[in-house]
Amino acid sequence: MNDMNALVEKYHQRAVFSFIYIMEAHAVDEWPVRCEYQDIKQHTSMVERAEAAKLLQDEFPLHPHMHLVLDNIQNHFNTVYASWPFRYWVVLNGRIELKLMPEGDQVSMTHLEQWCARNLQ
């Protein structure tokens, strides 16, 4: 999250950054992966999704200029954009310019940084 927060800090005056919290990637009742984070069940209500998003923000603080948005409980954003478990998107004038896919359990910020440097100066 530090790399993303640094990017937001650098470009927030020229772009809108949103973090869209989608369905739980490692829900204990669906795909239990024991890790150091809290065991979270798949959200069945927007209240549960909001609570899980708050836990995420507590653990990985978002830059103040990063908007936190919750996907609806029908997972519309994830259904349309196939963002599970996580993706980075650049949308410009309603058109997808860049979609960063995970490499293992990470997403390299290099392509996003390069796109921002070319297009947001």
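Author: Contact means heavy atoms within 4.5 Å. This is a predicted model, in which local features need pLDDT of at least 70 and side-chain atom pairs count only at pLDDT 80 or more, while totals for chains, interfaces and linings use all residues. Residues are numbered from 1 along each chain as its sequence is written, and side-chain values use heavy atoms, leaving out hydrogens and water.

Reader: Which elements do the buried residues of H1 pack against?
Author: Helices (H or I, at least four residues) and strands (E, at least two) are DSSP runs, numbered from the N terminus. Buried means under 20% relative accessible area, exposed over 50% and partly exposed in between (1.4 Å probe, protein chains only). In H1 the buried residues are Met4, Asn5, Leu7, Val8 and Tyr11. They pack against S1, strand S2 (66-70), S3 and H4.

Reader: Which exposed residues sit on the face of H1 turned away from its buried side?
Author: The buried side of H1 includes Met4 and Tyr11. The face turned away from it carries the exposed residues Asn2 and Lys10.

Reader: Which residues does Asn5 touch, leaving aside those up to four places away in sequence?
Author: Asn5 has its place in helix H1. Its relative accessible area is 14%, so it counts as buried. Not counting residues up to four places away in sequence, Asn5 touches Pro61, Leu62 and His63.

Reader: Which residues of the largest nonpolar core touch the most other members?
Author: A nonpolar core is a set of buried Ala, Val, Leu, Ile, Met, Phe, Trp, Tyr and Cys residues joined through side-chain atoms within 4.5 Å. The largest one has 16 residues. Those that touch the most other members are Met4, Leu7, Leu112 and Cys116.

Reader: Which element supplies the largest share of this core?
Author: Among the 16 residues of the core are Met4 and Leu112. At least two residues each come from helix H1 (2-11), strand S4 (95-100) and helix H4 (110-119). The largest share is four residues, and its source is H1.

Reader: Which residues does Met4 touch, again not counting residues up to four places away in sequence?
Author: Met4 is one of the buried residues of H1. With residues up to four places away in sequence not counted, Met4 touches Phe17, Met66, Tyr88, Met109 and Leu112.

Reader: How are H1 and H4 oriented, roughly parallel or roughly antiparallel?
Author: Axes are lines fitted to C-alpha atoms, for helices over the stretch in contact, and angles run from 0 to 180 degrees between N-to-C directions. Angles under 35 degrees count as roughly parallel, over 145 as roughly antiparallel, 65 to 115 as roughly perpendicular and the rest as oblique. H1 and H4 pack at about 5 degrees, with their axes 11 Å apart. That makes H1, relative to H4, roughly parallel.

Reader: Which residues of H4 make the contact with H1?
Author: From H1 the contact takes Met4, Leu7 and Tyr11. From H4 it takes Leu112, Glu113, Cys116 and Ala117.

Reader: How far apart are the C-alpha atoms of Ile40 and Met4?
Author: Ile40 lies in the loop between strand S1 (17-21) and helix H2 (46-59). With a relative accessible area of 18%, Ile40 is buried. Among the residues that Ile40 touches, not counting those up to four places away in sequence, are Glu24, Ala52 and Leu55. Ile40 and Met4 are 36 residues apart along the chain, and their C-alpha atoms are separated by 24 Å.

Reader: What kind of pair do the rings of Tyr81 and Trp89 form, stacked or edge-to-face?
Author: Rings of Phe, Tyr and Trp (its six-membered ring) pair if their centres lie within 6.5 Å; planes under 30 degrees apart count as stacked, over 60 as edge-to-face and the rest as tilted. A search of the whole structure finds two aromatic pairs. For Tyr81 and Trp89 the ring centres are 5.3 Å apart and the planes are at 70 degrees, so the pair is edge-to-face.

Reader: Where is Asn75 placed?
Author: Asn75 is not a glycine, yet it has a positive phi of about 60 degrees. Its relative accessible area is 16%, so Asn75 is buried. Its place is in the loop between S2 and helix H3 (76-81).
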